[in-house]
Amino acid sequence: MSKIKGCRFHLGQAWYRKIQSLGLAKVYNTDGEKGNFFKSFFGLPFLSPNEVDDCFTDDFMSTLPADYTAIHDFTDYVFLNYINTDSAMIPPEMWAKFSSSISRTTKACESFHAKLNGELIKETDHCYSPNIAQVEAKKLVNSMKETAANEQKSTRNIINENLEDVSVPCVWRKIQSLGLQKMYSENSKFALQVKQLCALAFVPVHDVVYVFEELIESEYYIEDEPLFQPILKYFEDTWIGRLVWRKRRSPILPFNIWNVNENVLMKRPRTNNAVDGSHHAFNFFIGVHHTTIWKFINFIKTEQNLVEAKIEKINLGESHASKRKKYKDLDQ
């Protein structure tokens with residue numbers, strides 16, 4: 001039969017918040033009699049459960065300062081909610097343990113739950129401000145750095161697995177934030193110039209800056225400089241690097257993250273659509289933001305069986321699903 005055990009850290013946190021709510025934080029932080037009286041409460045979790053009541057009654061109440069009503073409110077709160085056998089919602093058996101060697105916090109569980117929620121919850125925000133694309137890019141890179149540290153992979157490998165096709169939607173969001181989506185849809189020449197910026201992803205890495213400078217020095221860009229200035233400013237800061245004193249700064253996202261020239265030459269995937277499809281199927285199966293560990297395990301088992309079945313079909317010579325015609329044409 002399982003037993004519910006409390007966490008020393010969160011117990012102390014709850015008591016300290018009560019101290020704060022009663023306006024006693026300043027008194028707690030002093031080294032005088034009243035401050036030491038409060039601090040002694042945080043030693044109760046290290047006693048045996050059957051000793052907590054006696055310690056509270058004989059030791060604490062006998063030294064209770066008489067001139068502070070708020071202190072009486074705090075002792076009543078602790079006694080009624082954590083000690084009294086008739087009224088306590090969290091009795092000493094749940095949070096008191098005569099031991100300092102056994103781990104009595106839930107940090108490991110919280111870390112596991114945070115990791116699980118990070119994998120299962122997919123938040124979507126369709127509201128973009130003028131600079132939101134850059135902010136989202138920075139947040140995404142920081143998230144991937146954290147993932148790389150947790151999975152003992154290089155940051156570059158993690159980013160390469162996730163960001164190969166991020167440039168086009170980000171540029172489109174920038175167009176939307178500037179209110180130029182109508183012009184993009186109706187003016188084919190303007191749309192072509194923007195698409196040429198996105199096409200830099202297919203240029204060899206060592207030629208990206210040269211081709212970019214050739215584009216922005218073309219007649220169309222020069223004639224419509226006020227229109228393109230905010231787009232180019234964003235594009236330089238995020239993808240190319242701003243030119244300062246004849247030298248370009250490092251962009252938010254380096255070339256090797258978003259450039260797919262090598263992938264095209266090696267006939268490797270240019271997008272992460274397969275990964276997106278897998279995540280979509282995963283989210284559809286789970287169906288909720290906070291799933292149970294058992295449903296998660298069942299999905300992993302089901303997915304493993306499907307993958308093994310697909311591998312077996314390939315080994316038997318069965319062809320896999322072919323690409324759509326429009327994608328085949330693009331590969332030519």
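Is aspartate 237 buried, partly exposed or exposed? Aspartate 237 counts as partly exposed, because its relative accessibility is 21%; here buried means under 20% relative accessible area, exposed means over 50%, and partly exposed lies in between, with a 1.4 Å probe and protein chains only. The model is predicted, so local features need pLDDT of at least 70 and side-chain atom pairs count only at pLDDT 80 or more, whereas totals for chains, interfaces and linings use all residues. Residues are numbered from 1 along each chain as its sequence is written, and side-chain values use heavy atoms, with hydrogens and water left out.

Here is the overall picture to begin with. The protein chain holds 20 helices and two strands, where helices (H or I, at least four residues) and strands (E, at least two) are DSSP runs numbered from the N terminus. Of the 332 residues in the protein chain, 30% are buried. Contact means heavy atoms within 4.5 Å. Among contacts between residues at least 6 apart in sequence, 60% join residues at least 24 apart.

The salt bridges come next. A salt bridge is a side-chain nitrogen of Lys or Arg within 4 Å of a carboxyl oxygen of Asp or Glu, and the structure holds three of them. In one of these, aspartate 237 pairs with arginine 242, and the closest N and O atoms are 2.8 Å apart. Arginine 242 is partly exposed, with a relative accessible area of 25%.

Arginine 248 takes part in a network of salt bridges that links Glu213, Glu236 and Arg248. The side chain of arginine 248 meets that of glutamate 213 at 3.2 Å, N to O. This pair links distant parts of the chain, for glutamate 213 is in helix α13 (residues 208-216) and arginine 248 is in strand β2 (residues 247-248), 35 residues apart. Glutamate 213 counts as partly exposed at 27% relative accessibility, while arginine 248 counts as buried at 19%. The side chains of glutamate 236 and arginine 248 also form a salt bridge, with 2.8 Å from N to O. Here too the pair links distant parts of the chain: glutamate 236 is in helix α15 (residues 225-240) and arginine 248 is in strand β2, twelve residues apart. Glutamate 236 counts as buried because its relative accessibility is 13%.

How do the two helices that carry these glutamates lie against each other? The axes of α13 and α15 come within 13 Å and cross at roughly 175 degrees. Axes are lines fitted to C-alpha atoms, for helices over the stretch in contact, and angles run from 0 to 180 degrees between N-to-C directions. The crossing angle therefore makes α13 roughly antiparallel to α15; angles under 35 degrees count as roughly parallel, over 145 as roughly antiparallel, 65 to 115 as roughly perpendicular and the rest as oblique. Val208, Val209, Phe212 and Ile216 of α13 meet Leu232, Phe235, Glu236 and Ile240 of α15. By class, this contact has seven nonpolar residues, no polar ones and one charged. Ala, Val, Leu, Ile, Met, Phe, Trp, Tyr, Cys and Pro count as nonpolar, Asp, Glu, Lys and Arg as charged, and the others, Gly among them, as polar.

Phenylalanine 235 deserves a look of its own. This residue of helix α15 is buried, with a relative accessible area of 2%. Leaving aside neighbours within four places in sequence, phenylalanine 235 is in contact with Val171, Leu197, Leu200, Phe212 and Ile240. Its C-alpha atom is separated by 9.8 Å from that of cysteine 170, 65 residues apart along the chain. Valine 260 counts as buried at 2% relative accessibility, and its C-alpha atom is 5.6 Å from that of alanine 201, 59 residues apart along the chain.

Lys34, Phe37, Phe38 and Phe41 of α3 make the contact with Ile71, Phe74, Thr75 and Val78 of α5. By class, six of these residues are nonpolar, one is polar and one is charged.
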